[in-house]
Amino acid sequence: MDANHKPESATNTTTRKKRQPGGAADDNDSDLTHNPSASLQPHASRRLRTQSPSTATASVGDDEDVMTGPPVELVPRPVAGASRFPPLLNDLVLRAARGEKVERAPVWIMRQAGRYLPEFRKSREKNDFFTICRTPRLACEVTLQPIDRYGALLDASIIFSDILVVPQAMGLEVQMLEKVGPHFPDPLRVPADLARLRTNVDVEESLGYVMDAISLTRVELRGRVPLFGFVGAPWTLMAYMIEGGSSKTLSKAKTWLFRYPEESKRLLQNVTNVCIDFLVAQAKAGAQLLQVFDSWAGELSPHDFAQFSLPYLDQIATVVSQRLIKLGLNVPLVVFARGAHYALDDLSRLKYSVVSIDWTMDPEVARKIAGGRVTLQGNADPSLLYADPEVIKDVARTMVTKFGPERHYIANLGHGMYP
């Protein structure tokens, strides 16, 4: 679900559909005191075209209404001002995110819905990766799998999607190839390629299936735990769009920064604009927390991070916060800049409620740097989960003790769950 993708065996691309913009609950913590399905009404004028996933391609011009990839399932979405979600039974992670005192540290796991679960592997036998992402009922089903399996052991869920739906919405084809991972058949190579991108993206039209999945999942969770929405950070998405997939060096993307700095900033700004709209739309659809994944932040030097990542993370937090306040939505924002330990002080001064850190930072040092300004999230090494149970328990106890479990802490891994 975040930027450091592992290989998947899917083969499809980007889908564009016409849909009427629809809101969701006015208050994301509101109650549903009647039959949940009674308040869900389908949008009236959404069009759907079907196409075989095996033959899907993406060729999108500025004036084209091209629909490619698998069919997008239409499901009911709550209507603005009329919907109410089931009452929230466990608000621990929300209270921790807001810096309130909690009885214990809340726990959730990045990439907690994934290939380590047999039920997820069964789902993947029937559907490729992006089909699950863009079919709300399937995305909801996969999101719920760890919650159904582990019950009270998890205090949050995160919608099953992918950070690369944003480049898709901007007009680039993205495939998920077996034993390879994400693949852009035609990435950005030179600044002239920026003309291929959509600059005015209607997220309700292009990414409405994510919002549909969020609203449906809020109902199906039945208030058990809060639901995260998310996006990839502009720098991480830019790197994918230029590298064409995963990379050990990010040499192509970094070349842009040094050779084409102004064009790089223009691309970063365009991505930022989409991310802002997308996060706000997810909150309106029912997401109760929003996380920004900058999984390749640590590939930048402190100087380059300050130029090409931090300003856009700042802009996302500032603008999204302002827009959510106007909508009357109290949705904590989380940022995860993996590897950018040098930036913790700067990140803790932005409008994020939570800063997630990886396993390379000592919790006590991180607490001192953050100074109580934000809640910290993390930071166990994902490889720890391959250890014997007693080792895992011992390391987890030490981690929680160092962070301090009563306030300003959410227990998690320092990156996504491994297979």
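**Briefing: a cavity lining and a helix pair**

Helix H13 (344-347) and strand E9 (354-356) each supply at least two residues of the lining of the second largest cavity. Helices (H or I, at least four residues) and strands (E, at least two) are DSSP runs, numbered from the N terminus. The model is predicted: local features need pLDDT of at least 70, side-chain atom pairs count only at pLDDT 80 or more, and totals for chains, interfaces and linings use all residues. Residues are numbered from 1 along each chain as its sequence is written, and side-chain values use heavy atoms, without hydrogens and water.

**Cavities**

- The whole structure holds two cavities of 30 Å³ or more. A cavity is a set of points on a 1 Å grid over the protein atoms alone where a 1.4 Å probe fits but cannot get out; lining residues have an atom within 4 Å of a point.
- The second largest cavity has about 70 Å³ of space, where a volume is the space filled by probe spheres set on the points.
- Its lining includes His341, Leu344, Leu347, Val355, Ser356 and Asp358.
- That lining divides into seven nonpolar, four polar and one charged residues. Ala, Val, Leu, Ile, Met, Phe, Trp, Tyr, Cys and Pro count as nonpolar, Asp, Glu, Lys and Arg as charged, and the others, Gly among them, as polar.

**Helices H2 and H4**

- H2 (residues 118-126) packs against H4 (residues 136-150) at about 160°, with axes 9 Å apart. H2 is therefore roughly antiparallel to H4 (angle over 145 degrees).
- Pro118, Glu119, Phe120 and Ser123 of H2 meet Glu141, Val142, Gln145 and Arg149 of H4. Contact means heavy atoms within 4.5 Å.
- These contact residues divide into three nonpolar, two polar and three charged.

Notes:
Axes fitted to C-alpha atoms, helices over the stretch in contact; angles between N-to-C directions. Parallel < 35°, antiparallel > 145°, perpendicular 65-115°, else oblique. 1 Å grid on protein atoms, 1.4 Å probe; cavity = no way out; pocket = protein on both sides within 12 Å on 5 of 7 lines; lining within 4 Å.
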